Amino acid sequence: MQRSNISKLIKNCLLGFAIASQCTVAYSIESPSSSSEEAFLIRRIAEFWKDGDFSIVKTQIKDFIQKYPSSSMHDYLHGILGDLLIQENNFVDALAAYKAIADSSITNKVILNKLQCYYELDDFSSLQEEGEQYLSYTSDEFESRKNEYHFVMAESYFRQALLSEDQDVVKELAAKARPFYEELLDTEYGEVSSFALAEVYKTLGQNAKGADLYLVLAERYPEKKENLLFNAAILEANLDKHASIQIFDRVIDMRGSKAPEASYNRLLLYYQTNQFDNVISNHRLVYPHVAENQLGTFNYVVAKSFYALEDYDSAVSPMQNYLVEQDSASDQFKDALLVQLTCAKQLSDESLFDKTLTTFKEYYPDDKELGKALFMHAMLLKKEGDLPAAEEKLRQVVEKYSDFDDQESLLYEYSVLTHQNEKFDTSYQMFKNFLSQFPESERTQSAWRYFLSSCLHLSKEEKTDESTGYSQDVFLSDLQKVLSNDNGLSSDEIREYKLLYAKLAYEQSYYNESLETLSHYVKDYAEHETLAEAHVLTALSLNKLNSDLEGFCDHLETAIKLNPNKYDTSLIHLQLYNAYITRAQNQNNDAHLTELAADYLYIALQDANNTVKLENKLWLAGHYFKKVSTFLEGDWTRSIHDSEIISIMAQRAEEVYGSAILTDNGEIISINNEENLYLEPEILKYTKLLGYSSHKEEKIEHLKSLIEMQNQNTALDWSFKRQALYELASTYEDQNDYKDALDSYEFIANHMAEKTTPITCASKLKSATIKFSLLDKNQYSESDPAILGILNQLKELQIKKNALSEPIHLEGAFNYARIRSELSAKNLKASRYLFFLTRMKEDYESKDDALGIDYHNQLQENPAAAALYKSYLTYINAEILRMQAKQLLRENKKVEAQEKKQMAYSMLTELENSNVPTKFLKSQINRSLKKLK
C-alpha cells in the first residue's frame, strides 16, 4: 500500500477533535478572563470553522496565538492548528503545533495525530518512544482508532529493524511488530501489514509462514508479483528445494528485474538437487549477473556440473577460475583439485595435470590421494608418449604407496609401460604375475596381448642372445596359451589380428588402444573391404571416450559411403542422431547440427522394423513443431502454405506425432497416471498442428478426448487444462460454432479463473463479445442483466490491464466503448462512441495511479508489448479524430471536419501499411477506412 493511501485512512479520523473544540470556544467567549477583543477573535474563528473556510481558520489561529500567547485557548488552538496542518500534509509544522501543547488531557486527544506526524516524517524512534507510553491507555477515541495506533506502532518497530545492523536488535524489533501486523490483516491496514508481516516472518526465520504469505500476496498483487515470488522462493529453499525451483521458474518467466538473481539462485538449487544438465543449460545466461563475491561458488558449481556430466573439457576453465581465487586448504578446495586432476587426465593435458599436482602436493603433502594423483599423472604421460616418465611415476607409487587402493590397475599399467619402454623381460614377468593375481580382471585379454608381445620380443632376443634365458620351448608354450597354438601368422593373419585386437580392446573398454590400432589400420588397408568396419569401430571408440564427437560422425558417415548395404541402417542413423544432438547442445544448440540430428532421426523412423524411443519421437516432432509455430506466430497473416519448407515440417511433425501419441485406430494415447502425464503438452502441440493444416474436425475430436481424460482423472496434476479448453473453444469459433465456443469460453472464465492468466482473460473477452453478437438487438438495453454482465466483464479486463497480456485488455476496452455506443439512442451513438473512446485513451495513457505506472513500466521493459500498444493507441487516436470530424460536420464546420478527417485517414493509412500486429486490429482499420471513404 502506498503511504498516501495510509495517510488518507488515518486522516479520515482527524477532525473529530477540531469539531469538538467548538464547545470550548463557546465557553471561552463567556469567560471573565477574556477581553472583548479576545472573545471576538475566538468567536470569529468558530464562525469561519462552521463555514468550512479552514485556510482562514489556520491563518487566524496563528495570528491569535501570536497576539495572545498566554490565552487559556492556547493548547486547544494548537490542537486545531495541528489537525489543519495534517490535512495539508504539512507534518513538520503539525508536529510542532502538537508539541506546543502543555495540557496532558489535550495531548491525549491528539496523540494519534501526533504519532502520525512521526510516522510521516520517518521519525520511528520518537514514534516508538512516545507511542509505547500509550500501550495501556484507553479512551473512546483511542478505541475507535485502535487499528491506526497499532499500525503506526508496528511500523515503528519494523522500520527501525530495517535500519539496524545488530541482528539481535533486528529480531527483537521484528518480534514486537509481528502481533500488531497479524492483528491488522483483516482491517483497512491489511494490505501494507501483509507485506511487512512477510518480511517479519522472514527475519524471524519462520520460513513456512513467510513463504506462504509471499505466495498469497503474489497472487493478490500482480503488479508486485515478481518481488513477492522471489522472496517466497528464497524462504522455500530452506524447506523444499524443488518447490523453490518452481517458484524461481515463475520469477524468471516474468523477465523482470529479479530474473537474473532468481536465475543464479535457481542454478545453485539445480546443483544441490543434482540437476546438472539444468546447471549447464543455464549457466551462460546466469554468468553476466553473478556478483563478484559469488563468482567462486558459481565457478565451482558449474565446473562440478560439467564434471558430473563427464564433459571434462568444459569443466577445466571454471574450475581453474575457482582454484585461482582460493587460498585455504578446505575440503572443497581439495575436491576441486582432485576434479581438476581427473579432467586433465581425461583431456590428456599434461601441463594442466602437472600444475594441479604441484598445488596438491603443496597443500596436502601427506594425503593418501597423492598416490592416486601420481598414478593418474603416469597415465597422462603415457598418453602423451613420455613413456619413461610415466614408468617412473608408477614406480614411485609401487614403492611409496603400498596401500594404493587399486593394485590391479597399478600392476597392469606398470606392466604395460615396462613393455612399451622395451623392457620385455620385466614386462613378461609383470604380466605373468598380473594374470596370476588377477585372473578375473577385465584387463585379462589385453594383458594376454601384451604378454604375447613380450614373448615375441623375448623370442627374438633369444635367437641372438642365449643369455636371455627365454627358450623357444617357453615361447611356444606361452604362445599356445595366448593363441591356442595359432602361430606362424601370415600377412593376412596379421591384418586380421590387428582388427581383432582393436575389436577386443574396444570390447574391454581400452578405447585409446583401439583407436591407436585403428588409426594405423585405416591407412595401411585403405583399399580393403574391411575398411568400413574399421571406421565404424573408430567411431564407436571415439563415442565411448566422449572426446571427439565430430570424428565419430565423420567416421560413421564414411562407413555408410563405403558400405551402404551394411551400414546405411536405422541403428547407425540413430547413433548419428545422438551424436549430432549432443554436439549441438555442446555448441549452444547449433542450428545446423540440430537439423542434421533431426534428419537422421527422421530417416531412422522410416524403418518400420526399428524401435525408436518415444522420447526421441517427441523431440523430433517438437523440433518440427517449434519451427512451424515460430514461423506462424511471427506474423498472423502467414500460413504453412507460404513456405514449402514449413509445409514439409508441418507434415513431418504430424506424421511423427501420429506415430508417437496415436493408437492404431487413430485415437490419442490414454493418459491415466503420472508416468505418462508428460504427454499432455505434446497432445496440445499435435492439435495445434492439425489446426495449422486446417484439419479442424480432427483437432476438435482429439481436444475433446484430451479434455475428457483431464476431467476423468482428477487426481493427476494436469498443467494444461485451460489451454486445452481454450484451443477447443477457439477452434469452435473458427468453425463458426459460436454456441459451443461460448460454452467453452464461459467455462474457462467462470470455473477456471481462480488464477488470472492470459488465457482466462482472453476467455472473458471472447465470451463477452460472442454473447453480445448473439443477442437480439431488441434486447439492447443498459439495464438488461445480460448486457450488464457483458459490460462488467469487459470493464474488468480494462481495469486489470497487464501490458504482457495485451492486446486482450485493449480489445476489451475497445469493445466496451463500441457496445456502450451501440446501446445508445440512434442520435447519440456517435457522441457516446467518441466519449468512451476518449475515456479509453485517457485511461490507457494515465500514469496517475499505481496500476497505470506499473503498466507503462511494463511497456518500457518489453519492446514487443510497447509496439503493440502503440499500434492500438494510434488506431484509437485515429478513431477519435474520425468521430470528431463527424461531429464537426453535423455542426456545419466543414473545414475543421475535413482537417480532422484527413488526419484520421492519414493515420489509418499509415497504420494499414505497417506491420499490423493482430487480425482484430486489421479488421478495425479496414472498417474505419471504409467509413471514411
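Me: How many positive and negative side chains does the protein chain have, and how far apart do the centres of the two sets lie?
Reply: In this predicted model, the protein chain carries 100 positive and 144 negative side chains, with the two centres 9 Å apart. Lys and Arg count as positive, Asp and Glu as negative, while His and the chain ends are not counted. Each charge is placed at NZ of Lys, CZ of Arg, CG of Asp or CD of Glu.

Me: What radius of gyration does the protein chain have, against that of a compact globule of 933 residues?
Reply: The protein chain has 41 Å, whereas a compact globule of 933 residues would have a value near 30 Å. The radius is taken over C-alpha atoms, and the globule rule is 2.2 Å times the number of residues to the power 0.38. The C-alpha atoms fill a box of roughly 145 × 75 × 55 Å along the principal axes.

Me: What share of the 933 residues is buried?
Reply: Buried residues amount to 50%, where buried means under 20% relative accessible area, exposed over 50%, and partly exposed in between (1.4 Å probe, protein chains only).

Me: Where does pLDDT stay under 50 with 65 contacts beyond four places in sequence?
Reply: This applies to residues 1-33; pLDDT is the predictor's confidence in each residue, from 0 to 100, and contact means heavy atoms within 4.5 Å. Where pLDDT is low, the predicted coordinates should not be read in detail.

Note on methods
Residues are numbered from 1 along each chain as its sequence is written. This is a predicted model: local features need pLDDT of at least 70, side-chain atom pairs count only at pLDDT 80 or more; totals for chains, interfaces and linings use all residues. Side-chain values use heavy atoms; hydrogens and water are left out.
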